[in-house]
Amino acid sequence: MTRRYWNINLEEMMQAGVHFGHGTRKWNPRMAPYISAKRKGIHITNLTRTARFLSEACDLVFDVASRGKQFLIVGTKNKAADSVARAAIKARCHYVNKKWLGGMSTNWSTTEMRLHKFRDLRTEQKTGRLNRLPKRDAAMLKRQLSHLQTYLGGIKYMTGYPILGQYECSIMFHQHTKRVIRYIWCGSRQHFYWQIGGFQVHAQVLITSWVVIAILLGSATLVVRNPQTIPTDGQNFFEYVLEFIRDVSKTQIGEEYGSWVPFIGTMFLFIFVSNWSGALLPWKIIQLPHGELAAPTNDINTTVALALLTSVAYFYAGLTKKGLGYFGKYIQPTPILLPINILEDFTKPLSLSFRLFGNILADELVVVVLVSLVPSIVPIPVMFLGLFTSGIQALIFATLAAAYIGESMEGHH
């Protein structure tokens with residue numbers, strides 16, 4: 001890539017406030033090399049390094065544009081929306097300045113289908129065909145057109161994968177199966193973090209996890225606070241849930257299941273309530289300084305943590321039952337299989353975490369796609385199906401966790 005001279009003025013960058021970073025309590029430690037000082041609780045960005053990286057980004061944009069490639073400018077924050085649209089129109093680029101719809105960059109066939117729908121509706125509106133339809137049908141199609149105009153108006157002429165540019169601060173390459181989409185980021189986008197002691201905590205997941213735990217503890221407290229000889233409806237329900245968890249544990253672990261019921265029950269109930277909270281609670285209306293709230297199981301960190309807890313329980317059960325002789329299973333039936341047996345135990349937490357995360361994320365994407373293509377009332381049955389599949393995912397995770405624990409105690413594969 002040829003290096004060129006760009007008139008990047010540090011004074012103009014300071015006047016524009018480029019040097020103002022995030023609050024010192026909300027920063028990412030990986031940004032440390034790019035921070036020069038702290039002032040009144042705010043990090044001051046190193047403008048010299050910023051100018052150098054901005055120059056490299058300009059070189060990349062120039063080279064790519066000279067080959068006739070398309071650009072997509074993305075900036076979905078409310079304050080930047082108008083600036084993004086003006087800059088993109090002036091540069092004759094595509095742009096997204098509202099919500100980034102699921103699958104827009106990873107599933108081009110879905111995006112292309114939306115764009116065809118959008119273009120057809122615009123054509124019908126221009127030719128006056130919408131006005132000749134019954135009022136109810138015309139109103140429904142006009143709502144669809146307005147929705148698509150809001151989210152797809154900036155990419156209505158896009159015919160393929162573009163180069164993506166976002167107002168955010170490094171250059172990176174994101175590779176899909178058989179294509180490479182290049183992103184140019186010029187700013188900083190961070191999650192919402194809390195600084196607790198010397199550690200940084202992902203606050204979005206922590207907040208929603210606390211809500212789920214509070215729901216579970218509150219429900220259990222209300223039911224067991226005053227147990228009745230003749231059970232009430234709530235007491236009957238919780239006793240049924242407890243019997244269900246006992247049956248799952250006994251089926252998978254065997255006669256020594258008793259001490260593992262609390263662990264399996266906690267896993268099942270936390271995942272179940274987390275999944276349902278993502279479908280029923282309006283997390284996104286709660287505004288955060290950075291990022292947005294979602295169900296705990298919609299974050300890969302949560303599912304990996306749950307899977308690692310299961311792995312710890314798996315090894316603990318085996319070591320408690322057999323002592324160090326538990327590790328003898330790795331050379332059975334022959335020492336040649338040692339690498340494969342070790343790999344098998346490493347893949348168990350991976351499969352647990354990615355199965356749960358992938359299914360919950362896929363369910364949300366399906367609803368988003370349907371909402372963008374059809375009127376709001378149509379996806380409701382799909383959302384009810386999502387509630388059902390969310391419960392199934394919690395059951396699958398708890399059943400597999402119990403099965404792994406039972407396997408380690410019995411010593412067979």
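Contact here means heavy atoms within 4.5 Å. The views below are taken from a predicted model.

View 1. Ser353 is found in helix H10. Leaving out residues up to four places away in sequence, Ser353 touches Thr303, Val304 and Ala307. The relative accessible area of Ser353 is 1%. Because buried means under 20% relative accessible area, Ser353 counts as buried.

**View 2. The largest cavity and the residues that line it.** The volume of the largest cavity is about 50 Å³. Its lining consists of Thr310, Ser311, Tyr314, Phe315, Asp345, Lys348, Pro349, Leu352 and Tyr404. Two helices, H9 (300–322) and H10 (338–373), each supply at least two residues of this lining. Sorted by class, the lining of the largest cavity has five nonpolar residues, two polar residues and two charged residues.

**View 3. The open sheet of three strands.** Three strands form an open sheet, and their order across it is S1-S3-S2. The pairing in this sheet is antiparallel. Strand S1 (20–23) and strand S2 (35–39) are the edge strands, each pairing on one side only. On average, neighbouring strands of the sheet are turned by 30° against each other, with direction ignored. In general, strands of a sheet pair through backbone hydrogen bonds, and the pairing may be parallel or antiparallel.

**View 4. The pairing of strand S1 with strand S3.** Strand S1 and strand S3 (residues 42–45) run antiparallel and are joined by two bridges. Gly23 has Ile42 in S3 as its bridge partner.

View 5. Leu47 lies in helix H2, which covers residues 47–66. Its relative accessible area is 10%, so Leu47 is classed as buried. When neighbours within four places in sequence are left aside, the residues in contact with Leu47 are Leu10, Met13, Met14, Val18 and His19. Tyr34 can be located relative to Leu47 in two ways: the two residues are 13 residues apart in sequence, and their C-alpha atoms are 8.4 Å apart in space.

Terms used: Residues numbered from 1 in each chain as written. Predicted model: local features only at pLDDT ≥ 70, side-chain atom pairs only at ≥ 80, totals over all residues. Heavy atoms only, no water. 1 Å grid on protein atoms, 1.4 Å probe; cavity = no way out; pocket = protein on both sides within 12 Å on 5 of 7 lines; lining within 4 Å. Points joined across faces, edges and corners; volume = space filled by probe spheres on them. Helix = DSSP H or I, 4+ residues; strand = E, 2+ residues; numbered from the N terminus. Nonpolar A, V, L, I, M, F, W, Y, C, P; charged D, E, K, R; others polar. Buried < 20%, exposed > 50% of the residue type's maximum accessible area, 1.4 Å probe, protein only. Pairing = 2+ DSSP bridges. Axes fitted to C-alpha atoms, helices over the stretch in contact; angles between N-to-C directions.
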